[in-house]
Each structure stands twice: as structure tokens, then as C-alpha cells.
Amino acid sequence: MTDDTPHSAPSFSQEDERYMRHALQLAAHARDAENEVPVGAVLVHEGAVAGLGWNRNITLNDPSAHAEIMALRAAGEKLSNYRMPGATLYVTLEPCAMCAMALVHARIGRVVYAATDPKTGAAGSVFDTLVSDRHNHRVVVEGGLLAEESSAMLREFFRARR
């Protein structure tokens with residue numbers, strides 16, 4: 001199988017890994033500082049960080065305060081625009097359906113996620129929301145970057161809560 005076949009694994013750059021490591025630091029912050037589910041997100045637009053986010057649902061009493069939404073809100077404010085064509089979102093967990101639709105509406109160009117979400121993942125694991133050909137905007141989706149680190153953090157968080 002060659003790298004250009006549809007079933008080949010994504011090839012991640014050093015820059016991709018650097019941004020995902022930043023997202024993992026934000027996930028750890030969510031866990032340690034706010035006792036939130038450890039998910040972090042970094043939105044990069046035109047080569048610069050435009051928005052950071054981590055889960056804040058409990059802290060803000062807001063069911064929409066997922067890491068991706070928080071990063072989108074911060075980037076929208078910074079860029080003075082609700083659309084971010086060509087931007088890349090790095091997130092430690094596969095986006096849910098709510099976040100996937102927000103990313104489509106924001107015209108995000110690429111989503112790189114770490115761990116798959118076998119319960120609510122909307123980038124192909126459970127739902128095909130983010131990758132649906134029914135949308136008028138296409139998002140490139142690549143998963144698995146630093147997946148084990150993210151999965152371990154999530155497992156440990158939930159194990160400690162039981």
C-alpha cells in the first residue's frame with residue numbers, strides 16, 4: 001500500500017505533534033485545575049495559534065463548553081470572524097456531533113484528533129457528521145496522533161472517579 005491510498009495512515013508533521021502536545025497540556029489543565037474531563041484543543045490559523053480551549057462544561061454550567069467550542073470562540077474573538085477557512089484544529093478526543101457541526105459551520109479546513117471516541121465520536125467512529133459528503137464544506141480529518149497519551153489520560157481520569 002502506498003501513502004496515497006485511501007487506507008494509508010496519516011503522516012503527521014513535527015508541527016502537528018507540537019500542537020497536539022499543547023492540546024494535551026490543555027487537557028491536563030482541565031483535569032488538574034478544574035476537575036473537568038481532560039480534553040484540550042488548539043486552533044491554528046495561518047500558521048499561528050488563534051484559539052485555545054479545554055473542557056469547561058462543569059465549571060461554566062454549560063453543556064456546550066467543550067474544548068473545541070471554547071477554542072472556536074477564542075479564535076472567533078481574536079480573528080473577528082466566525083469563519084476560519086484553512087484553519088486546523090488539534091483536539092485530544094474525536095469531536096462529538098455538536099462540535100463537528102460547529103467546525104463545519106466555521107469552515108475549518110482540517111481536524112487532527114488524538115483518541116477516538118467509541119461512544120459519541122462524530123468523525124467516523126460512531127457518527128459520520130464531520131466527514132459527511134452532505135455538507136457544502138469539506139473538512140480533512142486525520143486521527144490517531146498521540147492517541148495513546150490522550151487515551152491514557154482519559155482512562156486514568158475516569159478510573160479515579162469511579
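The lining of the largest pocket divides by class into 5 nonpolar, 3 polar and 4 charged residues. In that scheme Ala, Val, Leu, Ile, Met, Phe, Trp, Tyr, Cys and Pro are nonpolar, Asp, Glu, Lys and Arg are charged, and the others, Gly among them, are polar. A word on the basis first: this is a predicted model, in which local features need pLDDT of at least 70 and side-chain atom pairs count only at pLDDT 80 or more, while totals for chains, interfaces and linings use all residues. Residues are numbered from 1 along each chain as its sequence is written, and side-chain values use heavy atoms, with hydrogens and water left out.

**Pockets**

A pocket here is an open set of points on a 1 Å grid over the protein atoms alone, where a 1.4 Å probe fits, with protein on both sides within 12 Å along at least five of seven lines; lining residues have an atom within 4 Å of a point. Its volume is the space filled by probe spheres set on the points, with grid points joined across faces, edges and corners.

The largest pocket holds about 360 Å³ of space. Among the residues that line it are Leu93, Asp117, Lys119, Leu154, Arg155 and Phe158. Helix H5 gives the largest share of this lining, with 4 residues.

The second largest pocket has a volume of about 220 Å³. Of its 15 lining residues, Val37, Val39, Asn55, His66 and Leu93 are the closest to the centre. By class, this lining has 7 nonpolar, 4 polar and 4 charged residues.

**Salt bridges**

Side chains of opposite charge can pair when their charged atoms come close. Counting a salt bridge as a side-chain nitrogen of Lys or Arg within 4 Å of a carboxyl oxygen of Asp or Glu, the whole structure has 9. Here are some of them:

| Pair | N to O distance |
|---|---|
| Arg21 and Glu149 | 3.9 Å |
| Asp62 and Arg73 | 3.7 Å |
| Arg155 and Glu148 | 2.8 Å |

The bridge between Arg21 and Glu149 links distant parts of the chain, 128 residues apart: Arg21 sits in helix H1 (residues 14–34) and Glu149 in helix H5 (residues 147–161). Helices are DSSP runs (H or I, at least four residues), numbered from the N terminus. For accessibility, buried means under 20% relative accessible area, exposed over 50%, and partly exposed in between (1.4 Å probe, protein chains only). Arg21 is partly exposed because its relative accessibility is 38%, and Glu149 at 36% is partly exposed too.

Asp62 and Arg73 form a bridge between the loop that joins helix H2 (57–60) to helix H3 (67–79), where Asp62 lies, and helix H3 itself, which holds Arg73, 11 residues apart. Asp62 is buried at 19%, whereas Arg73 is partly exposed at 40%.

**Cysteines**

How many disulfides does the model have? The count comes to 0, with a disulfide taken as a pair of cysteine sulfur atoms within 2.5 Å. For Cys96, the nearest cysteine sulfur is that of Cys99, 3.8 Å away. Cys96 is buried, at 13% relative accessibility, and Cys99 is buried as well, at 0%.

Key. Helix = DSSP H or I, 4+ residues; strand = E, 2+ residues; numbered from the N terminus.
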